[in-house]
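Reader: I'm new to this one and would like a plain walk through it. Could we take it a residue at a time and then step back?

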Amino acid sequence: MSIQHKDIPDGKRHEPKGASTAAANTVYVANGSGSGNWINQTALINNGNYVTLNVSIPDISTAGSYFVANPILGRISAILVTIDNAITAANAIVSAKINGVAVTGSTVTVTFTGSAAGSVYTSAPSGANTVTANNAIEILTDGGSTTTARANVTIVMDVT
């Protein structure tokens, strides 16, 4: 005598096939042909694991330090700097620190040659870039350029 799977009481049913080897945070999705796959649905959502933080530098041509609060446990995966107008004479250097420790690979060189309103410069931090929740990220500018120019810094946090 055979019993249909749907007729087995919940307490007697087994986990779906592959549950013992499926990666954490994955779900079994049926393919409509009597089978399926384990997938991470969050990873399918474009930028589903990212949060952006923003800080404004009133004048990138004046050396200074600016802070932004980080609400999540995460890793800085990118820093983008956009300027509101051209800078002159020299490049401006923007970098990041967490608790006074420099974030490896966070240096963004804002070049004066060819700079204009809306120019975007980026870096991809590679180390010392994990930030705990309710901690601050420090953004620094060396003030190497001339001409007053507001800079907007976007920090891309990969939620961990």
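**A walk from the inside out**

Reader: Is asparagine 70 buried or exposed, and what is its relative accessible area?
Author: Asparagine 70 counts as buried, a label for residues under 20% relative accessible area, with exposed over 50% and partly exposed in between (1.4 Å probe, protein chains only). Its own relative accessible area is 1%.

Reader: Before we go on, what kind of model is this?
Author: Residues are numbered from 1 along each chain as its sequence is written, and side-chain values use heavy atoms, with hydrogens and water left out. Local features need pLDDT of at least 70, side-chain atom pairs count only at pLDDT 80 or more, and totals for chains, interfaces and linings use all residues, since the model is predicted.

Reader: Which residues is asparagine 70 in contact with, leaving aside neighbours within four places in sequence?
Author: Asparagine 70 is found in strand β4 (residues 64-70). Helices (H or I, at least four residues) and strands (E, at least two) are DSSP runs, numbered from the N terminus. Contact means heavy atoms within 4.5 Å. With neighbours within four places set aside, the list for asparagine 70 is Leu53, Val131, Thr132, Ala133, Asn134, Asn135, Ile137 and Met157.

Reader: What phi does asparagine 134 take?
Author: Asparagine 134 is in the loop between β10 and β11, and at a relative accessible area of 73% it is exposed. Asparagine 134 isn't a glycine, yet its phi is positive, near 60°.

Reader: And what is the phi of alanine 128?
Author: Alanine 128 belongs to the loop between β9 (120-123) and β10 (130-131). It is partly exposed, at 45% relative accessibility. Here too a residue other than glycine has a positive phi, near 50°.

Reader: Which residues touch the most other members of the largest nonpolar core?
Author: A nonpolar core is a set of buried Ala, Val, Leu, Ile, Met, Phe, Trp, Tyr and Cys residues joined through side-chain atoms within 4.5 Å. The largest one has 27 residues, and those touching the most other members are Ile60, Ile76, Val81, Val110, Ile137, Ile139 and Ile155.

Reader: Which strands each supply at least two residues of this core?
Author: In soluble globular proteins, nonpolar side chains tend to be buried together. In this core, the strands giving at least two residues each are β3 (50-57), β5 (74-83), β6 (92-98), β8 (108-110), β11 (135-141) and β12 (151-159).

Reader: What is the bridge partner of tyrosine 28 in β2?
Author: Strand β1 (residues 27-30) and strand β2 (residues 36-39) pair in the antiparallel sense over 4 bridges, where pairing takes at least two bridges found by DSSP. Their hairpin has 5 residues between the strands, and glycine 32 takes a positive phi near 85° there. Across in β2, the partner of tyrosine 28 is tryptophan 38.

Reader: How far apart in space are isoleucine 39 and leucine 140, C-alpha to C-alpha?
Author: Isoleucine 39 lies in strand β2 and is partly exposed at 28%. In sequence, isoleucine 39 and leucine 140 are 101 residues apart; in space, their C-alpha separation is 40 Å.

Reader: What about the distance in space between proline 9 and lysine 97?
Author: Proline 9 sits in the segment before β1 and counts as exposed at 53%. It is 88 residues from lysine 97 in sequence, and C-alpha to C-alpha the gap in space is 57 Å.

Reader: Stepping back, what is the radius of gyration of the protein chain?
Author: The chain has 1 helix and 12 strands. The radius is taken over C-alpha atoms, and the globule rule is 2.2 Å times the number of residues to the power 0.38. For 160 residues that rule gives 15 Å, and the chain is more spread out than a compact globule because its radius of gyration is well over that, at 24 Å.
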